[in-house]
Amino acid sequence: MAEALYMEDSYLKEFDAVVKAVSKGKYVILDRTAFFPKGGGIEYDTGVITRKSDYKEFKVVFVGKFDGEISHEVDQEGLKEGDEVHCRLDWDRRYLLMRYHTAAHVLSGVFYKEYGLMMTGNQMTLEKGRMDMNMEEMDPEMISEGFKKANELIKKDFPVEIYSKTKEEAEKDPTLFKLAIGFPHKLDKIRIVDIKGFDAQADGGCHVKSLKEIGKIRFTEAINKGKENRRVYFVLE
Ligand SMILES: [Zn+2]
């Protein structure tokens, strides 16, 4: 499996790699990658792969995880196994997704700690964030208040740290898994995203390194989505 560079450094924008395999001409596996594959409710990265031998550019149009491998779909055929490449992320896109992802952690932490609510699903796109909460009755006032508290926290600008724990260590603390729907527990090491002084979560995604980078979160809409499920939308300003 390719080394997932984004797990170590969410701010890595460019890197060198070697093509390990290409299937159907356009699906490329690298030995290492900073491209985040779509997953956990977070959109994939895009960018450019440049072949070093002739500077030919291949646009990365989709990144997904298939059979445990990170696959980069490019816009044209031509890359071959063994090609040495330089890769560059579309940073504006990735950075916005990082801000949304960390915002979702702040929100889920606030709603859990203040109101005992669990986030049961989430989806972050470039346009908006969405999360589902197990709130029995729709309560827009409570939701607004939760967003206010989240924004107060962001102003405190806590650092966000990433480290790993052994599986045994991590499983002693079930609150680490409260928003990790389908988190792969079979890993030996569990990656932790820790908003210092506030909330830590098991997580495989990319995050900003301090809360102020999120900016301001604005609650836009909440709708009923089945029994005990309230779907909440927000945008970043
Ligand atoms: Zn997350």
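This is a predicted model: local features need pLDDT of at least 70, side-chain atom pairs count only at pLDDT 80 or more; totals for chains, interfaces and linings use all residues.
**Stop 1: the zinc ion**

Select the zinc ion together with His-101, His-105 and Asp-203. These residues are the protein donors, through NE2 of His-101, NE2 of His-105 and OD of Asp-203, at 1.9 to 2.1 Å from the metal. Along the chain the donors follow the spacing H-x3-H-x97-D.

Now show helix α2, residues 91-115. His-101 and His-105 are 4 residues apart in this helix, so about one helical turn separates them. Are the two histidines buried or exposed? His-101 has a relative accessible area of 6% and is buried. His-105 is also buried, at 3% relative accessibility. Both count as buried because the cut-off is under 20% relative accessible area.

**Stop 2: Arg-94 and Asp-45**

Arg-94 is buried at 2% relative accessibility, and Asp-45 is buried with a relative accessible area of 2%.

How many salt bridges does the model hold? The count comes to 13.

**Stop 3: Glu-145 and Lys-149**

Move to helix α3, residues 140-156, and select Glu-145 and Lys-149. Both residues lie in this helix, 4 residues apart, which is about one turn. Their side chains meet in a salt bridge of 3.6 Å, N to O. Glu-145 is partly exposed, with a relative accessible area of 41%. Lys-149 is partly exposed as well, with a value of 26%.

**Stop 4: Glu-161 and Lys-196**

Select Glu-161 and Lys-196 next. They form a salt bridge in which the closest N and O atoms are 3.7 Å apart. Which parts of the chain does this pair tie together? Glu-161 is in strand β11 (residues 160-166) and Lys-196 in the loop between β12 (189-195) and β13 (199-202), so the bridge joins parts 35 residues apart in sequence. Glu-161 has a relative accessible area of 36% and is partly exposed; Lys-196 is partly exposed at 31% relative accessibility.

**Stop 5: a salt-bridge network**

Select Arg-51, Asp-54 and Asp-83 together. Salt bridges link these three residues in a network.

**Stop 6: a negative patch**

Switch to a surface view and colour by charge. Select Glu-168, Glu-169, Glu-171 and Asp-188, which form a negative surface patch. Of these, take Glu-171, which is placed in helix α4 (residues 167-171). Glu-171 counts as partly exposed, at 39% relative accessibility.

**Stop 7**

Finish with Glu-136, which is in the loop between β10 (129-133) and α3. Is Glu-136 buried or exposed? Glu-136 is exposed, at 57% relative accessibility. Glu-136 and Lys-52 are 56 Å apart in space, C-alpha to C-alpha, and 84 residues apart in sequence.

Key: Residues are numbered from 1 along each chain as its sequence is written. Side-chain values use heavy atoms; hydrogens and water are left out. Donors are N, O and S atoms within 2.8 Å of the metal (3.2 Å for Na, K and Ca); water is not among the atoms, so sites may look incomplete. Helices (H or I, at least four residues) and strands (E, at least two) are DSSP runs, numbered from the N terminus. Buried means under 20% relative accessible area, exposed over 50%, partly exposed in between (1.4 Å probe, protein chains only). Patches are made of residues with over 30% relative accessible area and no salt bridge: like charges are joined within 9 Å, nonpolar side chains (Val, Leu, Ile, Met, Phe, Trp, Tyr) within 5 Å. Accessible areas come from the Shrake-Rupley method with a 1.4 Å probe; for residues, only the protein chains shown count as cover. A salt bridge is a side-chain nitrogen of Lys or Arg within 4 Å of a carboxyl oxygen of Asp or Glu. Lys and Arg count as positive and Asp and Glu as negative; His and the chain ends are not counted. The place of a charge is taken as NZ of Lys, CZ of Arg, CG of Asp or CD of Glu.
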